[in-house]
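Let us walk through this model one feature at a time. Keep the sequence and the 3D view open side by side.

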Amino acid sequence: MLSRLFASRQRPFIPRLHERETITIDLSGSYLTFKLPPNFCHDSFGDSSQEPPQSVNIFDNSNYVDDSGYEDWKREGVASQTLMKRSWELFGPIWRERPIGTIDFVLTLNRHDKLPSHMSCFNPQHFEQVIMRNLYYWGPCHPDDHVQKAPVNWQLRELDGATAIFFEKHDDHPPHRLEANPYYDTYFSSRLFIPLNQHHYIRLNFRYLGYAPVKPCLTAMNGIRDAVCDSVSLQLGIDAQSQLSKARQQWPEARASNKRGVEAWTYPEWHQGGEFGGDIIITKPGSPPPTWQA
């Protein structure tokens, strides 16, 4: 209670922060475990939390949503399903009832349908390409959204012998906009990609909506995110271990990049077609999608 009483923008209050809950999900014999605070939403009408399942058959295709309905140039070839959602709110002074910042957390299971058959998510070089193509298809292939700066803060992690990859994705705000609203620098997402087998992977996604001053805001938000990511463990099942072993034998020297800078993709020029807008009409193509390198 004292933490809430003396909360400020420099030292925000995060309800139930220390009540860490252990989540374990059986993913067709592989076990993903991590710890995170309980969901908190001050406004029950805005609560979009989703509790995690105890087990998931990752090979049951009926629960995935793919991108087959997209235009060809927007089609990454990845199907996904949401496994859980949570939100955490940050509060300032006691006289301000509404939160000053929010972190939305989403855990998704993904199936890569376009990964070439001779490639594997258990090969770190191949998995890095899966991620870079994901950034491309959610960057230049969405020119009507903000231009993205990604990847930022690229990190490699080892989970049960497999290479997981963490990074941030920022909006590329023009300087004049940041001068007017410096809190835009707290609007970004962080992602941790974890391979499960040749074609399946897990993604932990954190989306920030913060406030100014930026430094104490990000200190508090990153503290939650980092604690969750640092708590992640993976126990691969027998089949997954066999695939990982084969991948190591086939590509013994394969490594993901230890560091990566922001990708310099060119976004296409475009306008909206139709009487009421709608479809994006490309008038000048941007950068092509990254090609697979076996």
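**Rings, spaces and strands**

Trp154 is buried, at 8% relative accessible area. This is a predicted model, so read every value as computed from it. Phe167 is buried too, with a relative accessible area of 0%. Both belong to one aromatic cluster, made up of Phe127, Trp154, Phe167, Phe193 and Tyr201.

Now turn to ring pairs. A pair of aromatic rings is described by the distance of the centres and the angle of the planes. The structure holds 15 such aromatic pairs. Take Tyr136 and Trp265. Their ring centres are 5.6 Å apart and their planes meet at 75 degrees, which makes the pair edge-to-face because the angle is over 60 degrees. This pair links distant parts of the chain. Tyr136 sits in helix α2, while Trp265 sits in the loop between α5 (238–250) and β11 (269–272), 129 residues apart. Tyr136 is buried at 7% relative accessible area. Trp265 has 18%, so Trp265 also counts as buried, the limit being under 20%.

Go back to Trp154 and Phe167. Here the ring centres are 6.1 Å apart and the planes are at 25 degrees, so the pair is stacked. Trp154 lies in strand β6 and Phe167 in strand β7, so the pair ties together parts 13 residues apart in sequence.

Next, the empty space. Rolling a probe the size of a water molecule over the atoms shows where empty space is left. How many cavities of 30 Å³ or more are there? The count is one. The largest cavity has a volume of about 60 Å³. Its lining includes Leu135, Pro140, Gln148, Val262 and Trp265. Strand β6 (residues 148–159) gives the most to this lining, with three residues. By class, the cavity lining has six nonpolar, two polar and two charged residues.

The largest pocket has a volume of about 820 Å³. Its lining has 34 residues, and the closest to the pocket centre are Trp138, Lys169, Arg191, Arg203 and Asn205. Elements that give two or more residues to this lining are β4 (78–90), β5 (101–112), α2 (124–137), β7 (162–171), β8 (188–195) and β9 (200–209). Which of them gives the largest share? That is β9, with six residues. By class, the pocket lining has 11 nonpolar, 12 polar and 11 charged residues.

Now the strands. Four of them form an open sheet in the order β3-β1-β2-β10, with mixed pairing. The edge strands are β3 (55–56) and β10 (233–235), each pairing on one side only. Strands β1 (residues 21–27) and β2 (residues 30–36) run antiparallel and are joined by seven bridges. Within β1 and β2, Ile23 stands opposite Phe34.

What about the cysteines? The count of disulfides is zero. Cys141 is in no disulfide, and the nearest cysteine sulfur, in Cys121, is 19 Å away. Cys141 is buried, with a relative accessible area of 1%.

Finish with Asp145, in the loop between α2 and β6. Is Asp145 buried, exposed or partly exposed? At 46% relative accessibility, Asp145 counts as partly exposed. Asp145 and Ile194 are 49 residues apart in sequence and 26 Å apart in space, C-alpha to C-alpha.

Methods:
Residues numbered from 1 in each chain as written. Predicted model: local features only at pLDDT ≥ 70, side-chain atom pairs only at ≥ 80, totals over all residues. Heavy atoms only, no water. Pairing = 2+ DSSP bridges. Helix = DSSP H or I, 4+ residues; strand = E, 2+ residues; numbered from the N terminus. Disulfide = S-S within 2.5 Å. Buried < 20%, exposed > 50% of the residue type's maximum accessible area, 1.4 Å probe, protein only. 1 Å grid on protein atoms, 1.4 Å probe; cavity = no way out; pocket = protein on both sides within 12 Å on 5 of 7 lines; lining within 4 Å. Points joined across faces, edges and corners; volume = space filled by probe spheres on them. Nonpolar A, V, L, I, M, F, W, Y, C, P; charged D, E, K, R; others polar. Phe/Tyr/Trp six-rings, centres within 6.5 Å; stacked < 30°, edge-to-face > 60°.
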